[in-house]
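Colleague: I would like to go through this model step by step. Please keep the answers plain.

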Protein chains: 4
Amino acid sequence: MIIVMKPRAKQDSILRIKNIIESHGLDAHISTGKQVTIIGVVGDKSKLQDLNLEIYEDVEKIVAVTESYKLANKKFHPDPSVVTVGNVKIGGGNFVIFSGPCAVESKDQLLATAHAIKKAGAHILRGGAYKPRTSPYSFQGLEEEGLKFMKEARDETGLPVVCEVTSLNAIEAAIKYVDMLQIGARNMQNFYLLKEAGKTGLPVLLKRGLSATIDEWLNAAEYIIAEGNPNVVLCERGIRTFETATRNTLDISAIPVIKEKSHLPIIVDPSHATGVRAYVKPLAKGALATGADGLMIETHPNPSCALSDGPQSLTFEQFENLTNELKPIADLIDRKL
Amino acid sequence: MIIVMKPRAKQDSILRIKNIIESHGLDAHISTGKQVTIIGVVGDKSKLQDLNLEIYEDVEKIVAVTESYKLANKKFHPDPSVVTVGNVKIGGGNFVIFSGPCAVESKDQLLATAHAIKKAGAHILRGGAYKPRTSPYSFQGLEEEGLKFMKEARDETGLPVVCEVTSLNAIEAAIKYVDMLQIGARNMQNFYLLKEAGKTGLPVLLKRGLSATIDEWLNAAEYIIAEGNPNVVLCERGIRTFETATRNTLDISAIPVIKEKSHLPIIVDPSHATGVRAYVKPLAKGALATGADGLMIETHPNPSCALSDGPQSLTFEQFENLTNELKPIADLIDRKL
Amino acid sequence: MIIVMKPRAKQDSILRIKNIIESHGLDAHISTGKQVTIIGVVGDKSKLQDLNLEIYEDVEKIVAVTESYKLANKKFHPDPSVVTVGNVKIGGGNFVIFSGPCAVESKDQLLATAHAIKKAGAHILRGGAYKPRTSPYSFQGLEEEGLKFMKEARDETGLPVVCEVTSLNAIEAAIKYVDMLQIGARNMQNFYLLKEAGKTGLPVLLKRGLSATIDEWLNAAEYIIAEGNPNVVLCERGIRTFETATRNTLDISAIPVIKEKSHLPIIVDPSHATGVRAYVKPLAKGALATGADGLMIETHPNPSCALSDGPQSLTFEQFENLTNELKPIADLIDRKL
Amino acid sequence: MIIVMKPRAKQDSILRIKNIIESHGLDAHISTGKQVTIIGVVGDKSKLQDLNLEIYEDVEKIVAVTESYKLANKKFHPDPSVVTVGNVKIGGGNFVIFSGPCAVESKDQLLATAHAIKKAGAHILRGGAYKPRTSPYSFQGLEEEGLKFMKEARDETGLPVVCEVTSLNAIEAAIKYVDMLQIGARNMQNFYLLKEAGKTGLPVLLKRGLSATIDEWLNAAEYIIAEGNPNVVLCERGIRTFETATRNTLDISAIPVIKEKSHLPIIVDPSHATGVRAYVKPLAKGALATGADGLMIETHPNPSCALSDGPQSLTFEQFENLTNELKPIADLIDRKL
């Protein structure tokens with residue numbers, strides 16, 4: 001941590017800061033410049049949390065030097081993690097495709113989808129049983145009944161299943177039926193939910209919040225891992241910007257940034273990122289070529305009848321066409337697909 | 001709802017849309033322009049939810065005409081609401097000041113603050129017992145013990161108290177001790193929590209999400225009201241933008257926008273919006289003059305020792321100085337303070 | 001400037017950076033922490049511009065300690081500046097109201113407006129003769145003919161006049177007719193234009209760019225002042241965010257931030273910030289109470305016929321009503337209006 | 001265009017709007033819904049520009065149905081355009097790589113770069129002679145001398161050259177030396193400059209503004225084409241968001257959006273989008289796989305000595321390595337590289 005003092009800071013102010021630092025068992029290194037004095041703090045960072053040095057006289061600003069997440073940090077865990085979901089390995093050179101409907105609507109819809117995506121090469125079945133919807137008057141999900149259909153789909157196809165959880169109740173129900181929990185964008189900083197998901201020990205798919213920085217995202221992962229659960233997969237699904245041609249703006253740079261800062265696998269969801277079916281295929285190919293560890297693609301037997309997010313869902317034929325185009329690119333860049 | 005067709009849309013495509021609309025018991029009005037055809041949909045909006053017309057051939061885009069929130073909508077409830085918290089009325093020409101520490105740290109800290117802000121003219125005591133923190137290694141709150149201190153502060157001073165809740169557990173504890181529940185920015189779209197808060201019947205202070213549109217914010221309020229609980233107060237606390245000189249960007253325009261779209265009271269939190277103590281006073285005065293129904297101001301007996309958000313907290317002296325400067329402005333614009 | 005090295009940076013890498021710094025005649029102060037080493041650079045900042053130290057091995061990041069603008073910086077010019085436009089003084093406790101139509105459309109329109117706003121208490125007449133419009137098919141302004149009308153309006157009413165300039169040609173024409181040049185939001189980083197405006201010596205009203213940080217804005221002012229022209233007035237007119245209820249988001253926090261960082265006066269334009277007539281009055285009052293040095297308010301004899309931005313223009317009656325409500329607030333906070 | 005009336009709009013208000021529309025020679029189609037009335041406007045759109053219907057009583061909002069750009073619009077020009085720069089064709093299945101230094105610093109630097117990038121497979125040499133820099137104290141470019149070096153580099157290598165222009169003066173100089181003009185992000189809405197660039201007839205590389213929507217970007221292209229110059233190539237270079245891990249956020253979705261809305265070629269600049277050398281290669285591959293028509297990649301003989309943007313420049317070896325990895329991906333997706 002570095003404390004930058006104001007120009008012409010009084011010598012007293014500088015000494016006061018130095019004393020506070022040292023009284024916490026840390027070292028203070030003072031550099032006196034022509035215009036400003038800076039104080040470097042050396043020692044155990046945990047003692048610095050909540051020091052509030054910004055508040056003292058003549059302090060201009062505080063600059064953090066190290067990230068606050070540790071367990072999600074590549075600096076302390078240089079090898080890429082591999083997260084196992086059922087019989088599927090995510091990370092470590094694999095390219096894993098999650099697919100399925102935004103919302104589970106019926107057993108028929110889900111089973112038809114599960115078979116179709118398996119045939120087309122998907123590895124994990126997704127489906128929402130607890131739907132966070134902007135309006136209370138929109139379809140909210142089948143809840144536990146939907147989870148049961150998910151389990152049935154897994155039993156029939158062998159595909160592991162993932163479902164979003166939005167409360168402790170939902171977690172308690174989901175652990176009976178699914179292989180992986182999903183924390184959605186709107187709950188990325190629902191820290192209570194993160195801890196409860198962490199405690200289950202199940203792998204967790206952690207979507208990036210609509211306006212979350214990458215640093216906050218990795219801190220949210222840290223909440224899960226700090227519960228003793230290292231099985232976290234990150235999912236970039238678009239951030240909120242001023243652009244309205246797409247529902248969100250897919251932050252594709254998050255792929256190399258995460259690869260540099262963390263050991264966790266990262267997948268990309270072009271369906272939610274754009275909200276437009278025609279943009280899903282080009283962005284899926286782009287995400288693969290940029291180095292993502294997988295994709296999440298929405299599919300539906302009849303997108304025009306979907307109860308949620310129909311306009312962005314692919315038909316089974318479109319999905320199979322997509323996976324066929326992904327394979328040769330994956331080969332080229334050494335991703336197992 | 002309006003469906004805009006693509007230029008040169010086939011007649012078949014137009015008729016298909018017309019048929020879908022009419023098969024749902026709605027009317028379709030077709031306007032054929034030189035370049036494009038548009039179809040107006042007339043009838044019960046609830047039947048249109050989840051129709052997914054965007055997906056059909058030759059459809060260019062769908063334009064919503066009416067808002068999805070009803071109970072929070074001024075169109076259906078033209079008179080401003082007044083929300084009662086203990087003996088305090090929010091809305092209807094009153095100007096209500098919430099104050100207190102970001103986090104409850106000890107009984108002494110809280111009681112000292114409660115007495116000081118009461119003396120300075122505050123109406124409601126705020127204090128966090130469940131703290132959502134970006135990093136799992138930051139102070140997370142005293143939880144139920146903190147709630148007990150809140151109740152004690154109320155009993156001593158007569159000030160109603162409000163506390164943030166972050167889970168169903170926290171709600172169940174809080175209803176035993178506090179007068180009003182707060183839903184924080186990170187949980188604004190935690191729909192499960194909104195419903196549970198609604199069910200308590202207690203007044204709810206609903207902070208705007210970091211990247212929530214005003215439309216989403218009013219839909220979040222709708223979740224609470226739809227549970228039979230009309231006692232919602234909105235709190236603007238800054239949105240996330242590219243600007244880094246302040247922690248967030250206070251969207252002061254939200255005041256007149258909310259006044260036009262909704263009947264709910266709106267207060268402003270300049271402490272969290274800026275993160276900088278020196279900016280709190282000017283923005284508090286600006287919010288009052290713009291027409292807010294109140295303020296939330298962080299105070300602390302010793303900001304430099306605060307366990308959370310010290311740099312933005314006012315000392316008691318600064319707070320009293322602020323309320324003194326607010327009074328004559330309130331008089332001028334007919335706000336009872 | 002501070003260089004933060006990567007954890008486990010090699011000793012060689014640290015020494016290489018130290019050598020580069022010293023070879024430029026600067027001092028390097030090394031602080032060796034448990035996790036990272038930081039290097040403080042002390043000396044003449046101008047030698048550091050363009051050093052590109054980020055690129056060397058084991059360098060994590062570079063942290064700027066001082067702002068790059070000097071002449072616009074309060075640190076080096078602590079007293080607030082007062083800018084004189086004709087017989088009007090901006091800054092120093094005055095509250096100055098600019099008003100007039102978005103676009104000059106005819107002599108009659110402009111003269112009627114000039115007389116009406118003068119009567120209502122405005123100090124400076126604004127009017128656009130060169131209009132930057134998103135589409136080439138929108139009205140682009142009367143150009144030099146519009147400037148002549150501006151001059152006539154000044155001669156008739158005594159109000160100083162300001163007009164936006166969008167090219168060197170426009171500057172060369174404008175200096176013959178107007179008292180102050182305006183650089184619009186879209187040209188805030190048109191550095192060529194800034195320099196040319198600086199060279200004229202005329203006062204310059206510098207609007208903030210749609211996505212400009214406050215730091216970039218003050219650097220743009222620096223371009224003008226560096227040409228020997230200290231007569232710069234800043235104008236906050238809303239920034240671009242995800243919110244769509246208003247055309248832009250008025251960043252009212254910019255007022256106290258500018259007051260802390262710079263000595264230049266700052267005015268606020270609620271008309272362009274919101275794009276909605278009904279929001280202009282509440283935000284005008286808010287800006288005054290927050291500490292702005294003035295306002296820019298669009299007015300038009302017949303807003304529904306305005307060739308540009310009619311929906312945000314006030315009628316003369318609405319404008320007079322606004323200035324009447326501003327006066328008592330100005331008195332309260334010691335602004336001369 | 002569609003006019004949405006307020007709920008319970010008076011019949012008079014509706015008729016007033018109808019009359020205004022019809023008095024402009026247009027047709028008004030009224031649809032009367034249960035909650036609101038909407039009015040569809042049919043006829044020549046150019047007559048509607050600047051009607052300001054928002055301002056009339058009982059009008060809720062105006063919804064645009066068609067885009068304001070025509071010449072850049074795919075609807076009116078369905079076949080993709082191919083833009084010729086020297087002997088290089090951009091668009092139509094080609095994949096074109098622009099490369100070179102951010103700023104031209106010396107003849108030696110530029111010639112060394114030109115030879116190296118040609119050898120590595122680049123098609124067009126870029127180099128800045130007029131540099132828009134945030135601070136007036138940063139290196140501003142060699143101006144005409146730099147242009148001469150560009151011409152020399154072309155004469156030696158046969159590579160066509162492109163240079164940013166920032167003023168009419170710069171355009172007048174550049175047309176003597178270069179094959180293509182670049183309009184930079186900060187000047188994307190410098191409409192005067194767009195028109196002047198259009199008039200030269202030279203191909204124009206139009207970078208997207210830092211906070212420009214895709215709609216505004218295509219309107220900016222319209223300014224150039226409306227001068228009779230259809231030779232426009234778009235360049236996505238990152239937009240401004242709240243994320244700070246990268247300098248900007250590369251909006252990769254802009255590729256499929258532009259492909260749907262326009263016939264103009266689009267290239268991607270991952271160097272400026274991220275500001276970080278290590279992220280350039282993954283994003284370059286991603287942009288190609290997503291369907292871009294080309295790339296702009298910064299290279300420098302010695303990035304650590306670059307006078308501008310060194311941290312994002314590739315060495316020649318890194319650049320050659322990149323082009324080698326791009327080729328097989330281009331083959332796969334039918335791009336000629």
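**Helix packing and chain contacts**

Modeller: Helix 9 of chain B passes helix 10 of chain B in a right-handed crossing (a crossing is left-handed if the near helix is turned anticlockwise from the far one by less than a right angle, and right-handed if clockwise). Helices (H or I, at least four residues) and strands (E, at least two) are DSSP runs, numbered from the N terminus. This is a predicted model, in which local features need pLDDT of at least 70 and side-chain atom pairs count only at pLDDT 80 or more, while totals for chains, interfaces and linings use all residues. Residues are numbered from 1 along each chain as its sequence is written, and chains are lettered from A and ligands numbered from 1 in the order in which they are written.

Colleague: Which residues of helix 10 of chain B make the contact with helix 9 of chain B?

Modeller: Two residues are in contact if their C-beta atoms, placed from the backbone, lie within 7 Å. Helix 9 of chain B brings Lys281(B), Ala284(B), Lys285(B), Leu288(B) and Ala289(B). From helix 10 of chain B come Leu322(B), Glu325(B), Leu326(B), Ile329(B) and Ala330(B).

Colleague: How many residues of that contact in chain B are charged?

Modeller: Ala, Val, Leu, Ile, Met, Phe, Trp, Tyr, Cys and Pro count as nonpolar, Asp, Glu, Lys and Arg as charged, and the others, Gly among them, as polar. The contact of helix 9 of chain B with helix 10 of chain B has seven nonpolar residues and no polar ones, and its charged residues number three.

Colleague: At what angle do helix 9 of chain D and helix 10 of chain D cross?

Modeller: Axes are lines fitted to C-alpha atoms, for helices over the stretch in contact, and angles run from 0 to 180 degrees between N-to-C directions. In chain D the axes of helix 9 and helix 10 come within 10 Å, and they cross at roughly 20°. That makes helix 9 of chain D roughly parallel to helix 10 of chain D (angles under 35 degrees count as roughly parallel, over 145 as roughly antiparallel, 65 to 115 as roughly perpendicular and the rest as oblique). The crossing of this pair in chain D is right-handed, and the angle asked for is roughly 20°.

Colleague: Which helix of chain D gives the most to the side that touches chain A?

Modeller: The contact takes 34 residues from chain D and 34 residues from chain A. On the side of chain D, helix 7 (254–261), helix 9 (277–290) and helix 10 (316–332) each supply at least two residues. That side divides into 19 nonpolar, eleven polar and four charged residues. With ten residues, the one that gives the most is helix 9 of chain D.

Colleague: Which helix of chain B gives the most to the side that touches chain A?

Modeller: Here the contact takes 39 residues from chain B and 39 residues from chain A. Helix 5 (191–200) and helix 6 (214–225) of chain B each supply at least two residues of this side. With four residues, the one that gives the most is helix 6 of chain B.
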